[in-house]
Amino acid sequence: MNLLRPVRLALAKRPWIHWLVVSALAAAVGLGVHTRLAAVDRAREEWGDRRAVWVAAHDVAPGEPLDVVRRALPLGAVPPRAVDDVEPGTIARQHVTAGEPITAVDLVLGVGPAAAADEGSVVVPVSDPFVSSAPVGVRVAIYAEGLVLAPSARIVAVDGDVVFVAVDEADGPIVAAAAQLRTASIVFTR
């Protein structure tokens, strides 16, 4: 009942078959290892060149000054809009985590609430005493009299009970009119 007996007899009479199979298996394993090492070398070459960029020294919330350090990162890890210079005291437009390269999108350039708004948006002051303690950078929506005026907005500054909200340019006129009439309400969204 031993099914391997004929195979053992054939290998005993012809040991070169055994060594041929062992050699073929060893060559296949060697080729697989060589292919994997070549892939590692290619990846290492892609990540080899480095560029010095500014990265956040610690987590920064929107509206806070950035604390940055200079680090050399592989080119593959440098975002396309990484900045070459960050002035001391530059304010963060959005949340930046420690070690994250600083890009132009992360910075508030200029002065006033509109400086923190995204491109293609306008800033509207909305008087809402219930929201005056809201943190900068929070996503909100603007409602008035049961209607959604701006489904996507972001708080860019707070001054007393006036909350400066960046809304899409197309939503700006209706939100400004509702803010002027004091019917605009800020609603927190996820």
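In the hairpin of β5 and β6, two residues lie between the strands, and glycine 160 takes a positive phi near 70°. Strands (E, at least two residues) and helices (H or I, at least four) are DSSP runs, numbered from the N terminus. The structure is a predicted model: local features need pLDDT of at least 70, side-chain atom pairs count only at pLDDT 80 or more, and totals for chains, interfaces and linings use all residues. Residues are numbered from 1 along each chain as its sequence is written, and side-chain values use heavy atoms, with hydrogens and water left out.

β5 and β6 pair in the antiparallel sense over six bridges. Two strands count as paired if DSSP finds at least two bridges between them. Arginine 154 has alanine 166 in β6 as its bridge partner. β6 also runs antiparallel to β3, to which seven bridges join it. Here serine 127 is partnered by valine 162 of β6. Five of the seven residues of β6 are buried, that is, under 20% relative accessible area with a 1.4 Å probe, protein chains only.

These strands belong to an open, antiparallel sheet of five, in the order β3-β6-β5-β4-β7. β3 (121-127) and β7 (184-188) are the edge strands, each pairing on one side only. Neighbouring strands are turned by 45° against each other on average, direction ignored. Axes are lines fitted to C-alpha atoms, for helices over the stretch in contact, and angles run from 0 to 180 degrees between N-to-C directions.

Strand β4 (residues 139-144) is joined to β7 by five bridges, again antiparallel. Isoleucine 142 stands opposite isoleucine 186 in β7. Helix α3 (residues 172-180) packs on the sheet and touches β3, β4, β5, β6 and β7, contact meaning heavy atoms within 4.5 Å. The direction of α3 makes about 15° with that of β3.

Key. Buried < 20%, exposed > 50% of the residue type's maximum accessible area, 1.4 Å probe, protein only.
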